[in-house]
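Subject: Structure handover

Hello,

Here is the structure you are taking over. Please open it next to this email and follow along.

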Amino acid sequence: MIAERIKKTETFISNPETKRLLTCFAYFVLGFAFGWGRVLSSLHPFCASIVAVSKKKYFLLSGAGAVLGCMLGGFNAYSFRYICAVFTSALCVLALSALRLDVYPLAPVGTAFFSTLLTGVVLNLNLGENSAAYLLLLGESILSAGGAYFFYRSLSSDYKRLRFRALPLSDISCIVISSALLLMTLSGIKTLVFTPARIVAVTVMLCALRFFGERWGLVFAVCLGFAISLESSEMLFIVGAFSFSLMTASLFSNLSYFASAAAFVATGAFFCIASESSVSFPLFCDSLCGALIFMLLPQRVVAKLETLGENKLDSPPDGTLRQSLVLKLRFAGAAMEAISESVEQVSERIDEITRRENERLKDKISEDEYASRELILEKTNQLRRVASDQFFSISDMLGDLAFEFDKAEIFDSAASSKIRALLSHYDIFPDSVSVVEDKYSRVRVEILLDTFSPVLEKPVIKNEIGKICSRYFEDGIITNFKDETMLSFSEKANYHLEVGFAQHSADGRLCGDTVKIINDSRGHSILIISDGMGKGSRAALDGAMGAGLLSKLINAGFGFDSALKVVNCALLVKSNDESLATLDVANIDLFTGKCEIMKSGAPASYIIKGDSVTKCELFSMPAGILRGIEFAKRTAVLSLGDLIFLMSDGISEIGEDALLNLLNEAAPMPPQKAADYILENALELSKNSKPDDMSVIAAKLNKN
């Protein structure tokens, strides 16, 4: 029943005659609203503006509405003057239309300006006003012309484009300002201590902050605050109150939208108290009411707004090089995934045909030949499956790159040019220089060179680059890629990780465990232990392969999950014998202390906070056994002075009680001494058994 009513309503509205009637009614209502609404308690600058932009079809309707609105405000010399301005504007529209000059944007702007100015001059001359009145008239005329420009741009926008957010940024801005001016005309409507227009303004600002981002939230705050402040001289403080309150709310938007709404109301309350205006208490009530409406929005409305704002209006335009690159990477990733699925399907079909052929020949060939054919088929199938996995891995890696580019907020080309000029003074000419600011406002600098120069390691280079970017940077990280070298500078983080590690080889030569400690130039410190199967050179090869590949891929900017898939494929095809390695990873954000623990067949890790020891045990498969393995993950937050311990199974095998005692005893020590202490005691406790390779990493979060 409801669906039928909605369909009938849509059919009624889509009827051309209905559309024409609704448009006529809308122009009349707009004319009435701007004729009735006041600026600074007594001015009506926008009644001429709305008539000036109505063109030949609708200027009579908007003019009639404006005249009626002016008359309802009280008929006197001033209201008569605005009625004359409306008539003058209507005559100008008629004349410009006849001369076909109404297609130019300056036509309605000039019409509104001169209609307001000329009628005001005549009234001031008759009343013998002083120079201050003429200055006020000039300001009112400029305001009228500005209103006409924004109305013209808003009415001329192409609303038939894909969505509202597909409109150009300038058109959206004009629509926002025009809506704010319309809201201002309605701010004269009051109920008890509440003003509906101000309540709507607060709700709209908070919605803009939540669904479209901080920049657009501030744009709405400035536009709506300015428009509402024009109501009277007592309200002029509102533009500052709304803007600052919205900025305060944005600081809490990462916590929750309830927190941002509360921050907005609290900051607004301060402005209301400080202003000592008669409108302070009603304004506070309106802000509180608007915040409550925002927090109690129905889920259906929230879903609609989230859909509208899914590509934030403050994000870079779709035509930028970055967005184009992100799009191409995503399409390439999808193509690789499709190829992988095709290889999988073809492999299954070939396997089915070959097995059927083997069964047909089973009675005609010897058992050894049959077994050989089956063995070859199984090995071939394994290679095909690994090839399919490789295509999937490439797809994931391309997706990681797309995400990395999409996450970057700003590519600072001006700073890149300055850094290039700086390096040229030292006879260093890089292939490329990138200065990237991510969505958390963290800056990193990446310099790609054919040949590395030792000059780049001098502190003066880091300091000069820091001055150009107005940031403090960590020491540069050098990454070699065949014939090229990448030098990365990451912004100095809030924390640094003090790390110690210790190892023991069970056979006295090569250790089957590999330890890697890397920084990804994005403010993360990454700890890795890879334990190859068994002991000796073969285990050392598997462990080194697992940790080495994983660290290289992470340094290159790929994600942990896609890097694990590559490592898994490499171990699967390394040899005919079983080859596997566990991977234990801790990824620590040095800006926030957030620690992501990832395990592929690795034993438990431990986090020590004060006197409390937390065991992080995750169950997963090691790399190199099966296809499609994934990291088991857990997230923790490290605080200043907290310790994290990663270890191979050679140490964990001494028993949990003994290990917890060692951890408690080692906790007060510096990380390197703690790692040595745990290894020495683990060797002592396992001397009567057949020990495995042992590795331990101890890391402590310190203030930078």
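Predicted model: local features only at pLDDT ≥ 70, side-chain atom pairs only at ≥ 80, totals over all residues.

Residues are numbered from 1 along each chain as its sequence is written, and side-chain values use heavy atoms, with hydrogens and water left out.

Salt bridges

The structure holds 13 salt bridges. The term stands for a side-chain nitrogen of Lys or Arg within 4 Å of a carboxyl oxygen of Asp or Glu. One of them joins Lys609 and Asp642, at 2.6 Å from N to O. This pair links distant parts of the chain, 33 residues apart: Lys609 is in strand β11 (residues 605–609), and Asp642 is in the loop between β13 (632–637) and β14 (643–647). Strands (E, at least two residues) and helices (H or I, at least four) are DSSP runs, numbered from the N terminus.

Are the two partners buried or exposed? Asp642 is buried, at 6% relative accessibility, and Lys609 is partly exposed, at 34%. Here buried means under 20% relative accessible area, exposed means over 50%, and partly exposed is in between (1.4 Å probe, protein chains only).

Which residues form a network with Lys615? Glu617 and Glu656 are linked with Lys615 by salt bridges. For Glu617 and Lys615, the closest N and O atoms are 3.2 Å apart. For Glu656 and Lys615, the N to O value is 3.1 Å. Glu656 lies in helix α22 (residues 656–666) and Lys615 in strand β12 (residues 612–616), so this pair ties together parts that are 41 residues apart in sequence. Lys615 is partly exposed at 28% relative accessibility, Glu617 is partly exposed at 40%, and Glu656 is partly exposed at 40%.

Helix α2

Helix α2 covers residues 16–36, which is 21 residues. Its expected span, 1.5 Å times one less than its number of residues, is 30 Å, and its end C-alpha atoms are 30 Å apart, which agrees. The buried residues of α2 are Thr18, Cys24, Tyr27, Gly31, Ala33, Phe34 and Gly35.

Thr116

Thr116 is placed in helix α6 (residues 106–127) and is buried, at 3% relative accessibility. Leaving aside residues up to four places away in sequence, Thr116 touches Pro45, Ala48, Arg81, Leu137, Glu140, Ser141 and Ser144. Contact means heavy atoms within 4.5 Å.

Regards
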